[in-house]
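The entries follow the order in which I looked things up.

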Amino acid sequence: MYFFQAAIGILANTFLFLFHILTIHQDHRPKPTDVTTCHLAFVHIMMLLTTLEILSADTFKSLNFLNDLNCKILLYMIRVMRGLSISTMSLLSIIQVITISPSTFYMSRFKHGLTNYVSQVFFCFWSLDLSFNSNMIIYTVAHPNMTKLLHVSKYCSLSSMNSIITEIFFTLALSQNIFFVGIMLLSGAYMMIFLSNHQRRCEYLHSMSVTPRTSPAKRATHTVLLLVSFFVIMYCVDITMSSFSTVLWKYDPIVLDVQRLVGNVYAMASPLIFISSDKRIIGTLKNVIDMTILTS
């Protein structure tokens, strides 16, 4: 199940990443949603690879790296990528809110040059996540003969921390997560109101015998709203299991395996949702299939 989930997620995210890289390269003025989706796909690829423990101790034995270094790199990257995933998803929801908002909306002034703002925001996200998770470099160990260890993988554990340091990093991580989840919830509420008003307008036009059409903005809003809802649900389940294990300072192997599966569900499912809802990708896939049939 674990490797099957990772294989599908890595393939789907890689396809999505390459498609948007080509789109950005061909378009002189790339859309901010393309740039953000590309970044999200890259983050999910790295998340799935690190969670697969490709950078585990067995991989680095032939390179003569110390086990502690392996674990520090592995767990640090996992935490950083998870933080980037939630922040990038919240940014995507904000971008969609700005895109669909009327000119009277106070955030509409960011529509022009939004792609440039996105690049600056990415720099801030990377800086914050690299800083807020720096404790993983210090307190990650490779199963030495020590007590009070919290096992977080087959090879790696977290040693006990000073209570003040633990509270500081816990507060930083919790505040960051609450902030970004709150943004997603507010953005999702706004998009639901927008879709509800749009639906009423469509019903009014339909009553006047005008055939309503689903606009690209509405399709994109449906997609982002679905992704935001799915992300929040998966995040709540993941954080509940993680908090319960951390408070008890004990990881049951079964709980750890289930948490990893739950934690990677979004990284696997989100590219499939993007691909199935993007007419550009569907059109490209149809053209490739038609060319394959003709050549065969």
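Before the first entry, I noted the angle classes: angles under 35 degrees count as roughly parallel, over 145 as roughly antiparallel, 65 to 115 as roughly perpendicular and the rest as oblique. I take axes as lines fitted to C-alpha atoms, for helices over the stretch in contact, with angles from 0 to 180 degrees between N-to-C directions. Helices (H or I, at least four residues) and strands (E, at least two) are DSSP runs, numbered from the N terminus.

This is a predicted model, in which local features need pLDDT of at least 70, side-chain atom pairs count only at pLDDT 80 or more, and totals for chains, interfaces and linings use all residues. Residues are numbered from 1 along each chain as its sequence is written, and side-chain values use heavy atoms, with hydrogens and water left out.

**Entry 1: α1 and α2.** I looked up helix α1 (residues 2-26) against helix α2 (residues 32-51) and found an angle of about 150°, with the axes 8 Å apart. The two helices are therefore roughly antiparallel. The crossing of α1 past α2 is left-handed (the near helix is turned anticlockwise from the far one by less than a right angle; clockwise would be right-handed). For contact I used heavy atoms within 4.5 Å. Residues of α1 that meet α2 include I10, F17 and I24, and on the α2 side I listed, among them, V35, F42 and L49. I sorted the residues of this contact into 14 nonpolar, eight polar and one charged. Here Ala, Val, Leu, Ile, Met, Phe, Trp, Tyr, Cys and Pro count as nonpolar, Asp, Glu, Lys and Arg as charged, and the others, Gly among them, as polar.

**Entry 2: α2 and α5.** I next examined α2 with α5, which pack at an angle of about 25° with axes 9 Å apart. That makes α2 roughly parallel to α5. Their crossing is right-handed. P32, V35, T36, H39 and F42 of α2 make the contact with L114, T115, V118, F122 and W126 of α5. I noted seven nonpolar, three polar and no charged residues in it.

**Entry 3: α1 and α10.** For α1 and helix α10 (residues 279-295) I read an angle of about 100° and axes 12 Å apart. That makes α1 roughly perpendicular to α10. F15, L16, F19, H20 and T23 in α1 meet R280, I281, T284 and L285 in α10.

**Entry 4: the core.** Which residues have the most contacts inside the largest nonpolar core? I found I86, M89, M184 and F231, in a core of 56 residues. Such a core is a set of buried Ala, Val, Leu, Ile, Met, Phe, Trp, Tyr and Cys residues joined through side-chain atoms within 4.5 Å. Its largest share, 16 residues, comes from α4. I also checked F231, which touches S85, I86, M89, M184 and Y266, leaving aside residues up to four places away in sequence.

**Entry 5: two single residues.** Is S87 buried or exposed? S87, found in helix α4, counts as buried at 0% relative accessibility (buried means under 20% relative accessible area, exposed over 50%, partly exposed in between, with a 1.4 Å probe and protein chains only). Beyond residues up to four places away in sequence, S87 touches F125, D129 and F180. T166, in helix α7, is partly exposed, with a relative accessible area of 33%. I recorded that T166 and N135 are 31 residues apart in sequence and 9.0 Å apart in space, C-alpha to C-alpha.
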